[in-house]
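Subject: Structure handover

Hello,

Please find the structure below. My notes on what was found follow after it.

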Amino acid sequence: MKKKLLPRLCTVLGLLVLLAVSVYLAVRWHALPESVPLHYNAAGESDAFGRRASLLFPLLFGWLLFGMLSFFGWLAPLKSPQSPQAVQAAAAELCSVLKLLIALDFSYITIQAARGSDLGRWFLPVYFGLLFGAILLFVLKMLRAKRKIPPKQH
């Protein structure tokens, strides 16, 4: 199956974002404040603080989710008689878009925490809107592709 541009673009952008934040933390580590936000409320305001080392958790979690979705995206195009190629392609595209959103999300949280800044009131609604919007869009795409398949003759 030929790889499309969207999965490649999302993967490369996601990797670049995660890599850039990793390099930023490594280079600026000693200049970062000792106490950084650990948790944010629904309004995006920091409501708990901890040690600088806690900055590694959202970044590592972002890398972990990115890796897991990369693996699932790699599995999606495997040939299956029950799943048409268009459905498999949409599943792979969904994984790629989710990887990019997760990379952006955890990178933004890490940078804001490193700066000692709040996330902003807009963060949660925008992130969930993008996340669930992408899922809905690609699920609809998969359902449309599945409807185009003629029923099997026995």
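Helices and strands here are DSSP runs, numbered from the N terminus; a helix needs at least four residues and a strand at least two. With that in mind, R52 sits in the loop between β2 and α2. Please remember throughout that this is a predicted model.

Overall layout

The chain contains 4 helices and 2 strands. Read from the N terminus, the order of elements is α-β-β-α-α-α. Of the 154 residues in the chain, 38% are buried. Among contacts with a separation of 6 or more, 68% are between residues 24 or more positions apart.

As for confidence, the mean pLDDT of the chain is 87, and 89% of the residues reach at least 70. Among the elements, α1 has the highest mean, 95, while α2 has the lowest, 89.

Salt bridges

How many salt bridges does a search of the whole structure find? The search gives 2.

Is R52 buried or exposed? R52 has a relative accessible area of 9%, so R52 is buried. E34, with a relative accessible area of 55%, is exposed.

If neighbours within four places in sequence are left aside, the residues in contact with R52 are W29, H30, L32, P33, E34 and V36.

K141 is partly exposed because its relative accessibility is 35%. E93 is buried, at 5% relative accessibility.

Residues in the helices

A90 is a residue of helix α3. Its relative accessible area is 1%, so A90 is buried. Leaving aside neighbours within four places in sequence, A90 is in contact with F138, K141 and M142. The C-alpha atoms of A90 and L140 are 9.5 Å apart, although the two residues are 50 residues apart in sequence.

S107 is placed in helix α3 too. Is S107 buried or exposed? At 4% relative accessibility, S107 is buried. With neighbours within four places in sequence left aside, S107 is in contact with V17, L18 and V21.

L13 lies in helix α1. Its relative accessible area is 38%, and L13 is therefore partly exposed: the cut-offs are under 20% for buried and over 50% for exposed. Along the chain L13 and L100 are 87 residues apart, yet their C-alpha atoms are separated by 6.8 Å.

The largest pocket

Rolling a probe the size of a water molecule over the atoms shows where empty space is left. The largest pocket holds about 290 Å³ of space. Its lining is made up of 20 residues, and those nearest the centre of the pocket are L38, H39, Y40, I109 and L119.

Which element supplies the largest share of the lining of the largest pocket? The answer is β1, with 4 residues. At least two lining residues come from each of β1, α2, α3 and α4.

That is what was found.

Best wishes

Conventions. Residues numbered from 1 in each chain as written. Predicted model: local features only at pLDDT ≥ 70, side-chain atom pairs only at ≥ 80, totals over all residues. Heavy atoms only, no water. Salt bridge = Lys/Arg side-chain N within 4 Å of Asp/Glu carboxyl O. Buried < 20%, exposed > 50% of the residue type's maximum accessible area, 1.4 Å probe, protein only. Contact = heavy atoms within 4.5 Å. pLDDT = per-residue confidence, 0-100. 1 Å grid on protein atoms, 1.4 Å probe; cavity = no way out; pocket = protein on both sides within 12 Å on 5 of 7 lines; lining within 4 Å. Points joined across faces, edges and corners; volume = space filled by probe spheres on them.
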